[in-house]
Amino acid sequence: MTQARGGAVVTGAGRGLGRQIAALLADRGYQVLVTDVDESTAKAAADEIGRGATALAVDVSDPAQVEAARDTILASAGRLDVWVNNAGVLLTGPAWEQTPDQRRLMIEVNAIGTMNGTISAIQAMRDTGGHIVNIVSLAGLSAVPGEAVYAASKHAAIGFSLSTLHDLRLAGIKDIDISCVCPDGIWTPMLYDKLDDPSSALSFSGKLLQPEDVVTTVSKVLDKPRLVTAVPGWRGWLVRFGDTFPAVGLALIPSIVAQGRRTQRKLMAKR
């Protein structure tokens, strides 16, 4: 007999990609807790998703708030099956032009927030098993001019995720999976306001993904866990090539950035 679904938590799920991932999990029969730093946004998303979805305001950089989300889903669903670390912040520009608070915000949300969520999920899944899906970025796999601190935070997230999975296996824990999904630029509110920002050109240099593209990948990963999945796959190979041969990547970056700027101008013209 198939076991009934338990609970699922999605961070940064008030809008965009996170909301659609939460809807996917609700479609699959999970009792979903929608979390977002903005309480009203989280509640609106949960109401729209329906099917028993609930909401909670959570700042993922605060471990106490993340643990509260874990305890909330355990109290209502009985167990935690899926945790998706989706919350993220993107601020662009050379690192030396950003304020200490801006740099700290990206590290605390993108890197430490992923750590907080992963650790809380593991604590809840030790006896029952489960799947942690971390939405990282192609910026976690290679250099990204104009997004240095963002890339650093995403490198930290993927390094932490893979290292923690190894620790789980070395500890003999085989029924908790961690999967990293690394999408290219997604046409969501995170990029809407970046059209006139030269520092974010690399995010526009490929074919912009729709949230549905990433949701489809998450759905596949839920069925068959994978350590790292780049979206689209060819961009993953491209950034890995540049990372393997950094001098070549450095030489190619100007033309790739120029392509991104052309895309930004085209999209601005359509506004």
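**Sheet order, helix packing and selected residues**

In the predicted model, Gly7 stands opposite Gln31 of strand β2. This position belongs to the pairing of strand β1 (residues 7–10) with strand β2 (residues 31–36), which runs in the parallel sense over four bridges. Two strands are taken to pair if DSSP finds at least two bridges between them. Strands (E, at least two residues) and helices (H or I, at least four residues) are DSSP runs, numbered from the N terminus. Residues are numbered from 1 along each chain as its sequence is written, and side-chain values rest on heavy atoms, with hydrogens and water left out. Because the model is predicted, local features need pLDDT of at least 70 and side-chain atom pairs count only at pLDDT 80 or more, whereas totals for chains, interfaces and linings use all residues.

The sheet itself is open and consists of seven strands in the order β3-β2-β1-β4-β5-β6-β7, with parallel pairing. Its edges are formed by β3 (54–57) and β7 (228–231), each of which pairs on one side only. On average, and with direction ignored, neighbouring strands of the sheet are turned by 15° against each other. Helix α2 (residues 39–49) packs on this sheet and touches β2 and β3, its direction making about 155° with that of β2. Helix α5 (residues 148–170) also packs on the sheet, where it touches β5 (130–135), β6 (176–183) and β7; the direction of α5 makes about 160° with that of β6. Contact here means heavy atoms within 4.5 Å. Axes are lines fitted to C-alpha atoms, for helices over the stretch in contact, and angles run from 0 to 180 degrees between N-to-C directions.

Strand β4 (residues 80–85) pairs with β5 in the parallel sense over four bridges, and Trp83 stands opposite Ile132 of β5. Strand β5 is mostly covered, six of its six residues being buried; buried means under 20% relative accessible area, exposed over 50%, and partly exposed in between (1.4 Å probe, protein chains only). In a regular strand the side chains alternate between the two faces of the sheet. In β5 both faces are covered, with Gly130, Ile132 and Asn134 buried on one side and His131, Val133 and Ile135 buried on the other.

Thr164 lies in helix α5 and counts as buried at 13% relative accessibility. Apart from neighbours within four places in sequence, Thr164 is in contact with Thr118, Ile122 and Ile178.

Helix α8 (residues 233–244) and helix α9 (residues 246–270) have axes that come within 5 Å and cross at roughly 120°. The two helices are therefore oblique to each other, a class left for angles that are not under 35 degrees (roughly parallel), over 145 (roughly antiparallel) or 65 to 115 (roughly perpendicular). Their contact is made by Phe241, Gly242, Asp243 and Thr244 of α8 together with Pro246, Val248 and Gly249 of α9.

Arg235 is also placed in helix α8 and is buried, with a relative accessible area of 7%. The side chains of Arg235 and Asp184 are joined by a polar contact of 2.5 Å. Such a contact is a pair of N or O atoms within 3.5 Å; within protein, one must be able to donate a hydrogen and the other to accept it, and residues adjacent in sequence count only if both atoms are side-chain atoms. Not counting residues up to four places away in sequence, Arg235 touches Leu138, Asp184, Leu202, Ser205 and Gly206.
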